[in-house]
Amino acid sequence: MATLKSKANPLEPHFFDDVSQFFDHAAQFTSHSHGLLDQIKVCNSVYRFRFPIRRGDNIEVVDAWRVEHSHHKSPTKGGIRYSEMVNEDEVMALAALMTYKCAIVNVPFGGAKGGIKINPKNYSVAELETITRRYTVELIKKNFIGPGIDVPAPDYGTGEREMSWIADTYLTMNPGQLDALGSVTGKPISLHGIDGRRAATGRGVAIAIRECVDIAEDMEELGFSTGLEGKRVIVQGLGNVGYHTAKVLIEFGATIVGICEYDGALYNPDGMDPDEIIEHRKNNGTILGFKKAQKEFRLPAEGLEQDCDILVPAALENQITEENVGRIKAKIIAEGANGPTTPGAEAIFVEKGGIIIPDMYCNAGGVTVSYFEWLKNLSHVAFGRMDKRYEELANLNLVNTVESITGQSLSAAQRKTIIKGASELELVNSGLEDTMIRSYHEIREILKGNRKIDTLRTAAFVSSIDKIAVSYQNMGIWP
Ligand code: NAD
């Protein structure tokens, strides 16, 4: 059996290589031909481009990419990342992960990803708008964006604001195209985004963790009790994914004992409130100096190594490596970020008995709710709009009938709970929860069903490879 190890020279870009290694390892447990496996693994289209922007009296050339990894389903789908560290290898790896992620959670998209090599903190809002709109125009020119072609979304360094600029540029260039708003997801609600998308990835991560810790057999092996109550969590990255994961985990009963950011880390075994840390960062420009932390570390990586039960890396790839994995105290790593654990580090962690909830499942809540947003844009109607009132009237009739038959009256609070029709947010969160719960057990069953399958990640890859292979076979292209 192939063993997993990290690339010899960690300074060379190796993220796509890592993803391919995980893929090859899992492919051993499938029965597909080499040709089909190759087709699933490779990136179908890699578009690398450069464009100029004016900065003061100078012209700066910006590097950008869009990668469509797999067209076994259309459109392709994946976030756009703004980071100084973006490179072609990274965008290819992230696009590939999107393909596998969508297959795992049964979202009918191929995988894609985009990247612009800038540090957004170094640019004014006007400059970021220029860059985003120009990037979108370049994608339109090459047919790399559209509601039925390729649909971007937010990722590291981007959010609703950037998605609005993309939507507006696409609409401007495609006047009269009825489904144009389906060309990008993660938009603000005022621009036909969907309630719940902002928190979706983090909420999905928290649900994934809850599912994991609710299984008595697995927790016994870790020496843990079941449930999230009292579980101590460290989160790396207090951005979109990290913040919402922390918030929902607290809602589920966990304690956030550590927060790590790019400029330092905080720790308090009694727990900390992410909102208070965000407020402190807003006022001081850093999380350091937060009074309610018992310890702080100027070296962010030290924060990952503090005492806890669960570690949620929710910043960037390559954070848990063969070098530091031995010092990680958590027994569960829940990958909010894409690619935070290298293959070599995973092998060591799992050998010691730890559980890794893999990125391709763990952070799939974002694309799941993006799918709901895309459906909303194509149907041109908000979820719940047609049936909320009808449902409430039907419930009211039922309650009135039951009360008149039994002669018993419900309290005002009971009536309200029973009668209420579902809002868009409730429907979205319910669809998200159902997806995350079902997918976790699907992967775990694959793991438990074959003793040779070593990790949840391998099981997740097996699940997605099998589903993608079926798509190709259904197209009649492959034997
Ligand atoms: P974000 O830009 O909102 O937040 C990232 C946070 O990480 C920032 O606060 C940043 O300061 C911090 N950070 C940067 N370097 C760090 C370091 N070395 N140590 C600690 N913190 C550091 O980005 P995001 O959207 O939350 O994305 C985070 C990760 O989650 C990425 O890997 C992304 O691909 C993945 N992801 C995001 C989504 C989504 O919906 N946004 C969906 C799936 C996966």
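**Reading the labels**

Mentor: Helix H1 (residues 15-27) packs with helix H2 (residues 34-41) at an angle of about 150°, their axes being 11 Å apart. This is a predicted model, in which local features need pLDDT of at least 70, side-chain atom pairs count only at pLDDT 80 or more, and totals for chains, interfaces and linings use all residues. Residues are numbered from 1 along each chain as its sequence is written, and side-chain values use heavy atoms, with hydrogens and water left out.

Trainee: What makes H1 roughly antiparallel or roughly parallel to H2?
Mentor: The angle is about 150°, and angles under 35 degrees count as roughly parallel, over 145 as roughly antiparallel, 65 to 115 as roughly perpendicular and the rest as oblique. Therefore H1 is roughly antiparallel to H2.

Trainee: Which residues make the contact between H1 and H2?
Mentor: Phe-16, Ser-20, Phe-23, Asp-24 and Ala-27 of H1 meet Leu-37, Ile-40 and Lys-41 of H2; contact means heavy atoms within 4.5 Å. Of these residues, five are nonpolar, one is polar and two are charged. In this count, Ala, Val, Leu, Ile, Met, Phe, Trp, Tyr, Cys and Pro are nonpolar, Asp, Glu, Lys and Arg are charged, and the others, Gly among them, are polar.

Trainee: How do you know that S1 and S2 pair, and in which sense?
Mentor: Two strands pair if DSSP finds at least two bridges between them. Strand S1 (residues 45-55) and strand S2 (residues 58-68) have 11 bridges, in the antiparallel sense. For instance, Phe-49 has Ala-64 of S2 as its bridge partner, and Arg-50 has Asp-63 of S2. S1 and S2 form a hairpin with two residues between them, and Gly-56 in the turn has a positive phi of about 65°.

Trainee: Why do S1 and S5 count as edges of the sheet?
Mentor: The open sheet has five strands in the order S1-S2-S4-S3-S5, with mixed pairing. S1 and strand S5 (150-154) each have a single partner strand, so one side of each is left without a neighbour in the sheet.

Trainee: Is Met-475 buried, exposed or partly exposed, and why?
Mentor: Buried means under 20% relative accessible area, exposed over 50%, and partly exposed in between (1.4 Å probe, protein chains only). Met-475 has 39%, so Met-475 is partly exposed. Met-475 is found in the segment after helix H17 (456-474). Leaving aside neighbours within four places in sequence, Met-475 is in contact with His-71 and His-72.

Conventions
Axes fitted to C-alpha atoms, helices over the stretch in contact; angles between N-to-C directions. Helix = DSSP H or I, 4+ residues; strand = E, 2+ residues; numbered from the N terminus.
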